[in-house]
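Colleague: I would like to learn how to read a model feature by feature. Could you take me through this one?

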Amino acid sequence: MTAPATASALPAQTDAVVIGAGPVGLFQVFQLGLQGLSAHVIDALPQPGGQCAELYGDKPIYDIPAIAACTGHDLTERLCAQIAPFAPAWHLGQQVDTVAALDQGGFLVVTARGTRLHARCVFIASGVGAFMPRQLKLPGLEAFEGRQLHYHLDDNTSLAGRHIVIYGGGESAVRQAIACALAPEAIRAARITLLHRRDVFDAAPKQLDELQALRAAGRIQVAIGMPGRVVQQQGRLTALELTNPEGQAVELPLDMLLVRLGLVPRLGPIADWGLQLERKQLVVDGATFATSTPGIYAVGDAITYPGKRKLIVSGFHEATLAAFGAAEWLAGTRLPLEYTTSSERLQTLLGRRG
Ligand SMILES: Cc1cc2nc3c(=O)[nH]c(=O)nc-3n(C[C@H](O)[C@H](O)[C@H](O)COP(=O)(O)OP(=O)(O)OC[C@H]3O[C@@H](n4cnc5c(N)ncnc54)[C@H](O)[C@@H]3O)c2cc1C
């Protein structure tokens with residue numbers, strides 16, 4: 001952890017900040033809600049779900065208790081619905097840079113986008129690290145980021161009249177190309193090109209069928225080649241120069257380039273927060289999931305303890321005990337176990353009673 005911070009602007013107050021909106025961070029919010037603790041959730045990605053949404057959104061998971069099969073996206077949706085009664089505050093698309101103990105108690109949590117939160121306790125559910133888009137490195141390309149070069153696209157961004165090139169061969173590139181082709185006509189791109197180094201795409205069979213149908217209908221074009229150079233005119237990115245499979249240099253004109261080469265996890269600033277680490281994993285007490293700093297808890301793939309398994313169900317167990325650990329630490333006393341089936345207090349918190 002960095003030195004005690006002095007706040008320049010008044011940060012929002014909350015019981016808990018949950019760093020990471022993967023499946024374990026989401027379930028952490030639920031368990032905190034049952035303890036009557038409010039939460040703000042922060043994730044570097046623009047949407048919740050962590051690895052489930054980003055790495056296997058359309059693939060099936062078979063080992064979630066009582067759900068015979070669901071996809072990564074399904075699980076994320078179910079978890080978001082389950083925590084809705086607790087109305088967490090969301091801060092997506094921003095990485096947490098600093099967690100600092102405050103002289104007056106609690107922690108100041110600051111993100112790269114300047115969000116400042118004063119929390120009574122902090123839960124690190126950061127998985128394998130903050131997911132950042134894998135960048136396309138070409139001389140001069142970086143200068144177009146945010147204008148013609150993007151790594152994420154909001155659903156309602158208007159591409160009307162433009163030629164968008166989506167670069168990548170994995171699930172997220174394919175999904176993005178399909179979404180662009182099926183966008184409402186008023187905002188749909190004039191031309192959509194999916195660019196990959198070979199004509200083989202790694203996505204779920206349903207998506208591959210959809211891609212094939214849209215290609216056959218001429219709504220998505222596929223370009224094969226490796227980008228080697230940017231072409232610009234009067235400060236505008238006008239094309240990418242590709243080396244095609246025959247080894248020739250060809251130009252692919254474009255108005256917008258969306259790079260979807262997957263994500264790379266970065267442990268990032270967590271290593272600077274003064275917490276005990278073992279092989280880049282946070283060391284926790286397996287009874288309360290407290291880290292080496294009182295008031296900071298850690299759960300999910302980010303942690304290590306004897307017997308740790310990197311499974312979603314293990315993370316759910318950890319989140320449950322971490323919420324009890326924090327609630328008892330804040331209350332200074334042991335708290336009773338209540339069941340959601342029979343506790344009026346819990347049912348009221350869940351919005352199941354009038
Ligand atoms: C291909 C694949 C298939 C899998 N299949 C299964 C399965 O069938 N069953 C199963 O149980 N498990 C499965 N797993 C493992 C499972 O996905 C992980 O155990 C689970 O995602 C861990 O959840 P988490 O919430 O701890 O971390 P993650 O899902 O990694 O989420 C962590 C989140 O924290 C964010 N973050 C990190 N650092 C910061 C920061 N500083 N600021 C802001 N945000 C930050 C990241 O952006 C990320 O969104 C699979 C994993 C993979 C890769």
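**Reading helix α3 and beyond**

Modeller: We can begin with what covers one helix: the cover over the buried residues of α3 includes α1 (23-34), α2 (50-56), β3 (60-61) and β4 (70-71). Keep in mind that this is a predicted model.

Colleague: Which residues of α3 are buried?

Modeller: They are Gly72, Leu75, Thr76, Leu79 and Ile83. Their arc around the axis is only 100°, which puts them on the same side of α3. The general idea is that an α-helix has 3.6 residues a turn, so residues three or four places apart point the same way.

Colleague: Where is histidine 73 found, and what does histidine 73 touch?

Modeller: Histidine 73 is in helix α3. Leaving out residues up to four places away in sequence, histidine 73 touches Ala53, Gly57 and Asp58. With 16 other C-beta atoms within 10 Å, histidine 73 is partly exposed, because that class lies between the limits of 12 or fewer for exposed and 20 or more for buried.

Colleague: What comes just after α6?

Modeller: Glycine 332 follows, with a positive phi of about 70°.

Colleague: And how should I read a positive phi elsewhere?

Modeller: Most residues other than glycine have a negative phi. Alanine 66 is a residue other than glycine with a positive phi, near 70°. Alanine 66 sits in the loop between β3 and β4 and counts as exposed, with 4 C-beta neighbours inside 10 Å. Phenylalanine 289 also has a positive phi, near 60°. The place of phenylalanine 289 is the loop between β20 (281-283) and β21.

Colleague: Is phenylalanine 289 buried or exposed?

Modeller: Phenylalanine 289 is buried, with 28 other C-beta atoms within 10 Å.

Colleague: How do I read a residue in a strand?

Modeller: Glutamate 241 lies in strand β15 (residues 236-243). Apart from residues up to four places away in sequence, glutamate 241 touches Gly228, Arg229, Val231, Ala249 and Glu251. Glutamate 241 and arginine 229 are 12 residues apart in sequence, with 5.1 Å from C-alpha to C-alpha. Glutamate 241 counts as partly exposed, with 16 C-beta neighbours inside 10 Å.

Colleague: Which residues come nearest to the ligand?

Modeller: Of the 38 residues around the ligand, the nearest are Gly20, Gly22, Gly50, Gly127 and Gly300. The elements that give two or more residues to this shell are α1, β2 (39-43), α2, β9 (130-133) and α6. The largest share, 5 residues, comes from α2. By class, the shell has 22 nonpolar, 12 polar and 4 charged residues.

Colleague: Which residues does the UniProt annotation "binding site" cover?

Modeller: According to the unreviewed UniProt entry, that annotation covers Asp43, Gln51, Tyr56, Val96, Phe131, Asp301 and Thr341. They span 299 residues in sequence, and the farthest two C-alpha atoms are 37.2 Å apart, so they do not all gather at one spot.

Colleague: Where do aspartate 301 and threonine 341 lie?

Modeller: Aspartate 301 is in the loop between β21 (296-298) and β22 (303-304). Aspartate 301 counts as buried, with 25 C-beta neighbours inside 10 Å. Beyond its neighbours within four places in sequence, aspartate 301 is in contact with Gly127, Val128 and Lys310. Threonine 341 lies in the loop between α6 (312-331) and α7 (344-349). Threonine 341 is exposed, with 7 other C-beta atoms within 10 Å.

How values were computed. Residues numbered from 1 in each chain as written. Predicted model: local features only at pLDDT ≥ 70, side-chain atom pairs only at ≥ 80, totals over all residues. Helix = DSSP H or I, 4+ residues; strand = E, 2+ residues; numbered from the N terminus. Arc of directions from axis to C-beta. Contact = placed C-beta atoms within 7 Å. UniProt positions renumbered as here; feature names shortened; annotations may be inferred. Near = placed C-beta within 6 Å. Nonpolar A, V, L, I, M, F, W, Y, C, P; charged D, E, K, R; others polar.
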